[in-house]
Amino acid sequence: MKLNEQQIKELHYRINSKQIQYTEVRDEVLDHYQTALELEQERPFEDVLAELDKTFTITYCKEVAENYIKELRSEYPFLIKRKFLEMFEWRRLPLTLIIFSLGLSVPYLLPDPKKLVHLTNAFILLMFSIESLMIEYSYPKKSFKHHYRTVDDPPRLARLQSRSLRGWGIFPAVTAIFLMIPLFVIYLGNLEEGFAAYLFTPPYIYSICFLTGVMVLFQIANFEVSRDRMKPFVR
């Protein structure tokens, strides 16, 4: 059967009522419903929906969502390691060298430690935001419109919620923490003496720029891992 606009809207409301929290799972269930309905030539719309609901119960959809996020989290450390190390292969090495070269040149452009650290942290936060937007944008969009009831929260992308702090997954978080330390030093320490004086003079100042370059590589790897994530398995 060919679905009209009202039937598509009703179908979306039906899927929303199952309280599926991840966009990927919701879209996969929605795709199963729509495919089954479009292939049906004899039975009415409501009968096919009722039969599908017997399989795609709230409990089953919740189980699929939980299994999906677990699988994403379990594969993340391996994938982030592979993508990060790919940045040092010959085909991508020029980009990596450019990133580090730009990072290490920043102290010459901004000799003031306060401006340098504020710019570094602002850049990292901006990069996080841009990456999230790019993942949202790169997620395959369906040709049909999504209808959400005002009482329902739209699902979230599981690929943005599944970054595990295990194995190699801990390194992006550790790198970000190290980059935040100079920010606290600026406000709590005296830049003219002690630890702060060493931290913001060569060669130590270059470690901040080097870590910024590492963080950029991790964000590129994070984006590619999230972009290429597997689809949820729905029987």
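The model is predicted, with local features requiring pLDDT of at least 70 and side-chain atom pairs pLDDT 80 or more, whereas totals for chains, interfaces and linings use all residues. Residues are numbered from 1 along each chain as its sequence is written, and side-chain values use heavy atoms, with hydrogens and water left out.

The secondary structure of the protein chain consists of ten helices and zero strands, where helices (H or I, at least four residues) and strands (E, at least two) are DSSP runs numbered from the N terminus. Of its 235 residues, 43% are buried, that is, under 20% relative accessible area with a 1.4 Å probe, protein chains only. Among contacts (heavy atoms within 4.5 Å) between residues at least 6 apart in sequence, 80% join residues at least 24 apart.

Helix H4 (residues 58-86) packs with helix H10 (residues 204-227) at an angle of about 120 degrees, their axes lying 9 Å apart; these axes are lines fitted to C-alpha atoms over the stretch in contact, and angles run from 0 to 180 degrees between N-to-C directions. The contact is made by residues including Tyr-76, Leu-79 and Phe-84 of H4 and Val-214, Phe-218 and Glu-224 of H10.

Glu-40 is found in the loop between helix H2 (23-39) and helix H3 (45-55), and counts as buried because its relative accessibility is 14%. The side chain of Glu-40 reaches the backbone nitrogen of Arg-43 at 3.0 Å, and, neighbours within four places in sequence set aside, Glu-40 is in contact with Met-1 and Val-48.

Conventions
Buried < 20%, exposed > 50% of the residue type's maximum accessible area, 1.4 Å probe, protein only. Polar contact = N/O pair within 3.5 Å; in protein donor to acceptor, adjacent residues only side chain to side chain.
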